[in-house]
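Biologist: Before us is a protein chain to discuss. Please take me through its rings, its inner space and its backbone, one question at a time.

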Amino acid sequence: MKRKIAALMAVIIAAGAIPSVTFTAFAESETASSQSQTAENSNNKASEEEQMKNALALVKSRITIPEEYSNFSYSTGENRGMKTYIFTWTDPTGNKSYSVDVEGGIITSYYAPYEYNWKPSLSSQKPSYFVNKAMSWVYKVNPSMKGFLTKSSVSLSITSSNVSVQFKRSFGGIPVANNSVWVTVDKLTGEIISYNGSWWQDAEFVSASDALSQEEIKEIYCGEVTIKPWYHIYKDTTTGKKKTCIVYEPQNSYVYDALTGKHSSMEDDYAKFMDTDKYDHGVAMDSEGGVIEEVECEEDMAIETAVPATGVNFSDEELAAAADLSTMLTSEQFKALIVKDKYMDVTDKYMVQNFDIRKNEDAECGYAISCSMMINNKTDHRSVNITADAKSGKIISFYAYDYNEKDNKAELNVKKANTLANSALKYYFGDISGEYKADTENTAPISGSGKSKQTSRTMNYNRYVNNIQVSDNNIYITVNSAGKVTSVRCSHDRDVDFGDGLIINKETALKLLCEQQDMTLKYNGFLDLESKPHTYLQYSMDSWTLNGVTGKLCDYNGEPVSKIKEQPENCPYTDISKSPYKKEIEALYEHNVRLYEGKEFKPTEKMTYGEFEKLLDIITGNGYEPMPLEDVPLEERETVIYAETEGGAYFTRMTLAKAFTRAARVDNCAKYTSIFKSPFTDVSAKDKDLGYAALAYGMGAINCGKDGKFYPNAYVTREYAYHCAYNYIKNSMES
């Protein structure tokens, strides 16, 4: 082991890695994985034939391929210095095949022939069965993974004939980034259908026993992170009015070496190890760039003569809208304003195109003009796209593009460019410019030289209220080295109550953050160009937003957020022990039919029609079409609309039968009542809904009691609805 560590350290030193790389005397490795890599290294010295035989033997010793799949083919290659193989076994018909991929000493993928069944179906097994089945198979196929898999997710559902299980790699209980395994299992047979794995071979990990504690790493994080309060503006979903909240957000993020608390060197090391000159077989990659050709289009404009209609009545709202439109600028009036504009350089020779007036929240009057003005002759080819208030003509934005680009080749003078932008800011937005401050990047030195010299810059002005920056409220002004303003854009929320701006201070905010959220500890890393893994034990703080007034973790609107609780795999309901349909309720829950959260199912409570439609939507694969309102009895429509059972409205058993026939798409047959015989003593042959009851009974969705009755007008309980849904699925599997 010491020699392996020393060899790896030599590679890092040769690559010029800085001392903070955490490969130390604490290093540990996966023994089985190391053995597989040693075998793979020996294979590099063997002949091509021997290497392929070794890889093929690896597969056949761990995976059984049926004898009838006798047609064998393969492909081989090399991925970052590691030998890869794809082996395929096909049956004589050529329609079905097994496929296995091998990379180094690991089987990375497996596909078995499989016919997908689209019918809803139920498994007698619990989710844990498929997790254990998948894990056992992976450990058999890749012994070096044994002990390092942690279940991430399992998707047992009614509408899929297979179960997808995902495992993530861990070491010492700590997750390893970018190392995962996906296994697909047949839901009814338990057979493995497919497998895919992403796994760093021969990876070594430093021990986490000496990692800094949460308190220590949080102190380091809080000492250097920059946080800032922001006003967020959002619409109240009830009133539609704009509201504000103040939130703290981090302005930077750091990834730390978990042992030292210094910034992780992983990104710098990655850049060094990707230098192909450091490898004997390195090849520099060339990139190809495409040329985008500009296509000119001609549009034929047809002018129709409008004929006024007669005998038409207008509503008061329509008349008011027409009167309001009469106060807005025409295209001729608007062009006259633009010709006088100080910075757009539009003359009378420009043609107005695509003149529109539409609702726009950024316009003071609520409507904005959107148009383009264009000139194209022997000397000029230029267009200006403009958005402005429809009544005042006040500019909201414009963008000018000169196709000749003949006057924009000199290098930008930053000082003059800022002076011009500041002047344009006051010219276009003088009434609100006092709320905006120039971004520090506006005056940054120019970047680039030679052919890539900077010839223009977009100046950014940020809005501040109560000395707090407002999110998404900015003014952008672009100027070029020829002294032209080429674009202006403003995003400014009006009629907003910002309050007094009183918030907790930054120190308190960070203290409260650390009380609510821990930093994440994980192994990260990369593979170099010779497929050697380099791993790092890292701490990082997950993204966060803190309410500036309460100090609670929050969403964009300042509302408190809580960590998502993972639902238990096994049915959690504590009140179904006496239900005659307990097993059906449990089985549906384990197949991800989860209408009700918490520990109470309330089996005898009335189910609403809205709830039952959600149930059908799940068991039919989200393809169920709700029953038209006119098909729902009048006394039940309140249930459909409001999903409530108060006030006497409830969902009946006969409506349930109708819903099942609609889900099975046989409801059109139900109207032929004469061809059906009633399976129930309380549904007569003359009942207009006999067809629905008979069809639902025939599908196995509904049944009668010991007395032979269906009780069509009785309400549907939750437990009975689940019982019927379960029977519907079971019978559809067999029919």
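Modeller: Please keep in mind that the model is predicted.

Biologist: How many helices and strands does the protein chain have, and what percentage of its residues is buried?

Modeller: The secondary structure comprises 16 helices and 24 strands. Of the 735 residues in the chain, the buried share is 44%.

Biologist: What percentage of the contacts between residues at least 6 apart in sequence joins residues at least 24 apart?

Modeller: The contacts considered are those in the protein chain between residues at least 6 apart in sequence. Among these, the share that joins residues at least 24 apart is 62%.

Biologist: How many aromatic pairs are counted, and which kind of pair do phenylalanine 171 and tyrosine 523 form?

Modeller: The count comes to 36 aromatic pairs. For phenylalanine 171 and tyrosine 523, the ring centres are 5.9 Å apart and the planes are at 80 degrees. Since planes over 60 degrees apart fall in that class, this pair is edge-to-face.

Biologist: How many residues apart in sequence are the parts that this pair ties together?

Modeller: Phenylalanine 171 is buried at 9% relative accessibility. This residue belongs to strand 7 (residues 162-171), whereas tyrosine 523 belongs to strand 22 (residues 520-527). The pair therefore ties together parts whose separation in sequence is 352 residues.

Biologist: Which class describes the pair of phenylalanine 612 and phenylalanine 651?

Modeller: Both phenylalanine 612 and phenylalanine 651 are buried. Their ring centres lie 5.3 Å apart with the planes at 40 degrees, so the pair is tilted.

Biologist: Where do phenylalanine 612 and phenylalanine 651 lie, and how many residues apart are they?

Modeller: Phenylalanine 612 is in helix 12 (residues 609-619). Phenylalanine 651 is in the loop between helix 13 (637-642) and helix 14 (653-663). The pair thus links distant parts of the chain, with a separation of 39 residues.

Biologist: Which ring lies under the charged end of lysine 228, and which under that of arginine 718?

Modeller: The charged end of lysine 228 is 4.6 Å from the centre of the ring over which it sits, that of tryptophan 230. For arginine 718 the distance to the ring centre is 3.7 Å, and the ring is that of tyrosine 596.

Biologist: What is the volume of the largest cavity, and which residues are the closest to its centre?

Modeller: The count gives one cavity of 30 Å³ or more. The space in the largest cavity is about 130 Å³. Of its 13 lining residues, the closest to the centre are Asp362, Lys394, Ile395, Ile396 and Arg494.

Biologist: What is the phi of aspartate 202, and what is that of serine 531?

Modeller: Most residues other than glycine have a negative phi. Aspartate 202 lies in the loop between strand 9 (192-198) and strand 10 (204-206), and serine 531 in the loop between strand 22 and strand 23 (533-540). Aspartate 202 is buried at 18% relative accessibility, and serine 531 is buried at 8%. Neither is a glycine, yet phi is positive in each: about 60 degrees for aspartate 202 and about 65 degrees for serine 531.

Technical notes
Residues numbered from 1 in each chain as written. Predicted model: local features only at pLDDT ≥ 70, side-chain atom pairs only at ≥ 80, totals over all residues. Heavy atoms only, no water. Phe/Tyr/Trp six-rings, centres within 6.5 Å; stacked < 30°, edge-to-face > 60°. Helix = DSSP H or I, 4+ residues; strand = E, 2+ residues; numbered from the N terminus. Buried < 20%, exposed > 50% of the residue type's maximum accessible area, 1.4 Å probe, protein only. Lys NZ or Arg CZ within 6 Å of the ring centre and 35° of its normal. 1 Å grid on protein atoms, 1.4 Å probe; cavity = no way out; pocket = protein on both sides within 12 Å on 5 of 7 lines; lining within 4 Å. Points joined across faces, edges and corners; volume = space filled by probe spheres on them. Contact = heavy atoms within 4.5 Å.
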